[in-house]
Amino acid sequence: MRLLLLLVTLLQAIQVYSEVVKVSIYYEALCPDSVNFINNQFYPAYQKINSLLTVDFVPYGRASHTWKNGDWQFECQHGPEECLGNKLHACGIHESQEQAKTVDYVNCLMMAYRSSATHALDMCVTYLNLTSKQILDCVESSKGSNLLAKYGNETRALYPLDFIPTIIFDGKFDTFVQSSSLHNFHDAVIQYLSHRKSTDQGSTANRQSSYLLSCVIFTMALCLYF
């Protein structure tokens, strides 16, 4: 009986594997378009379809960074306050242990983007079950600079960026995904998954068959063992 339950669980895992999309969001802490997308498109949709999403936040945008005098120097599109905001995002994302908490934290910071950075942090850090000091210790250390530089390198790999925010599904930029996500992120995800399922059905079936075979072999090995 327990082996049957194990097999059912593994088959459910196959279904989940085929229905999750990785969403990468390249944004800036003080960018009005980034705020609008995250607060009004991404976050409401996430509440409904979070089980379909693996979220990768990349807080950098049209910034730049150079190594000078033993440290990273940053210049951000909306000034030094945005560089600080990007670091608040980067450190919170790094310290978070759970995707849902990360999403709440990022959404909160974006909602409070007109507030001072410290006020916004005090309001939003509770979503991570951390203290403002823990995040600020990261921000004010080389750790925060290294995290932001890492996000900068990821963003540079996409250059030139035509628009901030840039939204990417499964690691590949697509103009239709970008446009549709900005206008209706929820429907963009559903349409993307539906299209991926119909166009990639053969290769998906092969992956699932291979995975299923591994599951069956594993289950048979358990039977022999017990």
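**View 1. The disulfides of this predicted model, with a close look at one of them**. There are three disulfides in the structure. This panel zooms in on the one that joins Cys-76 to Cys-83, where the sulfurs sit 2.1 Å apart. As a reminder, a disulfide is a covalent bond between the sulfur atoms of two cysteines.

**View 2. The open sheet, built from three strands**. Read across the sheet and the order is β2-β1-β5, with mixed pairing. The edges belong to β2 (53-59) and β5 (166-169), each of which pairs on one side only. From one strand to the next, the twist averages 15°. In general, strands of a sheet pair through backbone hydrogen bonds, either parallel or antiparallel. For β1 (residues 21-27) and β5, the sense is antiparallel, and four bridges hold the pairing. To find your place, look for Ser-24: its bridge partner in β5 is Ile-168.

**View 3. Helices α2 and α8 on the sheet**. Here α2 lies across β1, β2 and β5, and its direction is at about 160° to that of β2. Helix α8 also packs on the sheet and touches β1, β2 and β5. Compared with β5, the direction of α8 makes an angle of about 0°.

**View 4. Where α2 meets α8**. Two packed helices are described by the angle between their axes and the distance between the axes. For α2 (residues 32-49) and α8 (residues 175-199), the axes come within 9 Å and cross at roughly 15°. An angle under 35 degrees counts as roughly parallel, so that is the label for α2 and α8. Their crossing is right-handed. On the α2 side, the contact is made by Phe-37, Gln-41, Phe-42, Ala-45, Lys-48 and Ile-49. Helix α8 brings Ser-181, Leu-182, His-183, Asn-184, Phe-185, His-186, Val-189 and Ile-190 to the contact. Sort the residues of this α2 and α8 contact by type and you get eight nonpolar, five polar and one charged.

**View 5. Helices α3 and α4, packed together**. The pair here is α3 (residues 80-95) and α4 (residues 99-111), with axes 10 Å apart and an angle of about 165°. The crossing of α3 and α4 is right-handed. Leu-88, His-89, Gly-92 and Ile-93 make the contact from α3, while α4 supplies Thr-102, Tyr-105, Val-106, Leu-109 and Met-110. By type, the residues of the α3 and α4 contact come out as six nonpolar, three polar and no charged.

**View 6. Two backbone spots to look at: Asn-69 and Pro-165**. Most residues other than glycine have a negative phi, and most peptide bonds are trans. Asn-69 is not a glycine, yet its phi is positive, about 55°. You'll find Asn-69 in the loop between β3 (64-68) and β4 (71-75). The other spot is the peptide bond from Ile-164 to Pro-165, which is cis, with omega near 5°. Pro-165 lies in the loop that runs between α7 (142-156) and β5.

Terms used. Residues numbered from 1 in each chain as written. Predicted model: local features only at pLDDT ≥ 70, side-chain atom pairs only at ≥ 80, totals over all residues. Heavy atoms only, no water. Axes fitted to C-alpha atoms, helices over the stretch in contact; angles between N-to-C directions. Helix = DSSP H or I, 4+ residues; strand = E, 2+ residues; numbered from the N terminus. Parallel < 35°, antiparallel > 145°, perpendicular 65-115°, else oblique. Left-handed = near helix turned anticlockwise from the far one by under 90°. Contact = heavy atoms within 4.5 Å. Nonpolar A, V, L, I, M, F, W, Y, C, P; charged D, E, K, R; others polar. Pairing = 2+ DSSP bridges. Disulfide = S-S within 2.5 Å.
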